[in-house]
Amino acid sequence: MSNRSSKSDNYIKQGSILAGASLLVRIIGMLYRFPMSNIIGEEGNGIYSVAFELYDVMLIISSYSLPLAVSKLVSAKRIRREHYNILRIFRCTMVFALVMGGIAALVLFFGAEFFEKNMAGGRYTGLSLPLKVLAPTVFIVAIMGVFRGLYQGKGTMIPTAFSQIIEQIVNAVVSIYAAYSLMQAHNLSLHLAGWGAAGGTTGTLLGALSGLVILLLIYLLYRPTLLRLGRRDRTGRCDSYNDIFKLLIFTAFPIILSQTVYQISGIIDYSMLGSIQATKGWDDFAVKNATGLYSTKYRLLLSVPIAIATAMSSSILPSIASSFSINNISEVRSKISLGIKFNMLIAFPCFMGLTILGRPILMLLFPSQDYVAGGWLLTAGSIAIVFYAVSNISGACLQGIDKMRLPVIHSAIALVIHVLVVFLLLMFTPMGVYALVVGNIIFPMVTGLLNMLAIMRYTKYRQEIVRTFLVPFISSVIMGIVSGTFYYLIYSVWSHNSILIIISVILAVATYFVCYLKLGGATKEEIYEFPMGVQIVRIAKKFRLM
């Protein structure tokens, strides 16, 4: 067991640390979005969501790729003990972050009015207010990305996880307070919803600043060790700054393009929804309301399990890159297999849980808003969780084996299909916002399929189907039947939603893992790699589940 753990760089456990932190961050995000959503209303939520789509694009262009790119470069140098080059990589990427983050921040700030006037024909009035607040956030997040990439490349996710939690706590507190305060201060403004959204983005700004302070303090403590390792480097290798910048660009640029394609899909969706539905009689309020419903009641809940897949992708990329750099292809295949299996272990029950219990969960989180329509969106589109899990982990695997262009090409192909389908559904059917849900399923489905085919081609990897996909699916179906029957049967005679949801979720978790273990979803050796794997095996043996 110990040999296996050391061999795999412990990346499942490190990824689980980041996944756990991401899960906590998403839960905090949902909890604060509940009161904030009620404060700013569906119209404000619509503006808030569109502002974040534009912010995310600027973030991706300037710095989103930095943690992954830096961690990939650092991990490859770390396994060769080129500590001096790690220092040079850190300095180069920090300069890159300062320049790119600064340019993106200026574009977002001074282009805010342009985006407001041109987004969906100017139907998102008040959009410039939250965009101007988000502009300096881009610069701060760019700097954070370098620190996080350094720590992840060194093989630890703890600084990233801890800073994310602090960042989100500050974000939650400030967002609620600032949204309420700004709406009270500007209650006579024609752009009241925009001021509410600006309050929400103020929390994002101050949260990012607090996260940067944490990462900077950790760096100040670690810096003497980093410098000492650099001085003791005996490899004799010293990459030029010019070569490092080229390597950074070649590593980061495909990640930027891949994520930009994905993010653009959201902006195109909102633009098509506003423009096409306007021809069918929707006014500005109806467009903002539908956008808020889709982003808050559907995408927000899906973001929680998707965050786990993203965290595992961040962990697996440097781990695979280190194995690939020494040409250990069998270890690469082993890591790919374990990473996909772990993601499916989480993705399938999340998909089934939101499909069956989505409406009651929304009723608990947003009792004063339209949780019924949101519940139907979740029932129709929660399967996207599984496809995003496959898409994210497979894209990271391709990046880890230096096939950086392929996820970009696959995302571009998926975007074309996505846009075409959403356009046709909006134009020629009465589906409305449900067309966006269909598009949200198609994009990761196509991307994930193409990524997996490429992995099989270039690594001779062969995907195991039964224990990776079929067992978690069957287990999640049984889980859904048991928990859904319990909830809806009891609710029909005793309508205490919050209590029943808590019991149903506990019942669902227990049912799923009993079925998963009894059906042989993972071997004892694989479970040992999971977080708390020893304890899980001990409990499973005690109850004769394996």
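Biologist: Why is Glu82 called buried?

Modeller: Its relative accessible area is 2%, and buried means under 20%, so Glu82 gets that label. Bear in mind that this is a predicted model.

Biologist: And what makes Lys77 count as buried?

Modeller: Lys77 has 12% relative accessibility. The cut-off is under 20%, so Lys77 counts as buried too.

Biologist: What makes the contact of Lys77 and Glu82 a salt bridge?

Modeller: The N to O distance in that pair is 3.3 Å. A salt bridge needs a side-chain nitrogen of Lys or Arg within 4 Å of a carboxyl oxygen of Asp or Glu, so Lys77 and Glu82 qualify. As a general point, side chains of opposite charge can pair when their charged atoms come close.

Biologist: Which salt bridge does Lys77 form with an Asp?

Modeller: That one is with Asp239, at 2.8 Å from N to O. The pair links distant parts of the chain: Lys77 is in helix 3 (residues 66-79), while Asp239 is in the loop between helix 8 (192-231) and helix 9 (241-278), 162 residues apart.

Biologist: Why is Asp239 called partly exposed?

Modeller: Asp239 comes out at 23% relative accessibility. Buried is under 20% and exposed is over 50%, so Asp239 falls in between.

Biologist: How do you know that Glu82 and Arg237 form a salt bridge?

Modeller: Their N to O distance is 3.4 Å, and the limit is within 4 Å, so the pair passes. Here, too, distant parts of the chain are linked: Glu82 sits in the loop between helix 3 and helix 4 (83-110), and Arg237 in the loop between helix 8 and helix 9, 155 residues apart.

Biologist: Is Arg237 buried or exposed?

Modeller: Exposed, with 52% relative accessibility. The label needs over 50%, so Arg237 makes it.

Biologist: What makes these residues one network?

Modeller: Shared partners: the salt bridges join Lys77, Glu82, Arg237 and Asp239. The structure holds eight salt bridges.

Biologist: Now the whole protein. How do you know that its radius of gyration agrees with a compact globule?

Modeller: For 546 residues, a compact globule would have a value near 24 Å, and the protein has 23 Å, so the two agree. The C-alpha atoms fill a box of roughly 70 × 60 × 40 Å along the principal axes. Of the 546 residues, 57% count as buried.

Methods
Residues are numbered from 1 along each chain as its sequence is written. This is a predicted model: local features need pLDDT of at least 70, side-chain atom pairs count only at pLDDT 80 or more; totals for chains, interfaces and linings use all residues. Side-chain values use heavy atoms; hydrogens and water are left out. The radius of gyration is taken over C-alpha atoms; the globule rule is 2.2 Å times the number of residues to the power 0.38. Buried means under 20% relative accessible area, exposed over 50%, partly exposed in between (1.4 Å probe, protein chains only). Helices (H or I, at least four residues) and strands (E, at least two) are DSSP runs, numbered from the N terminus.
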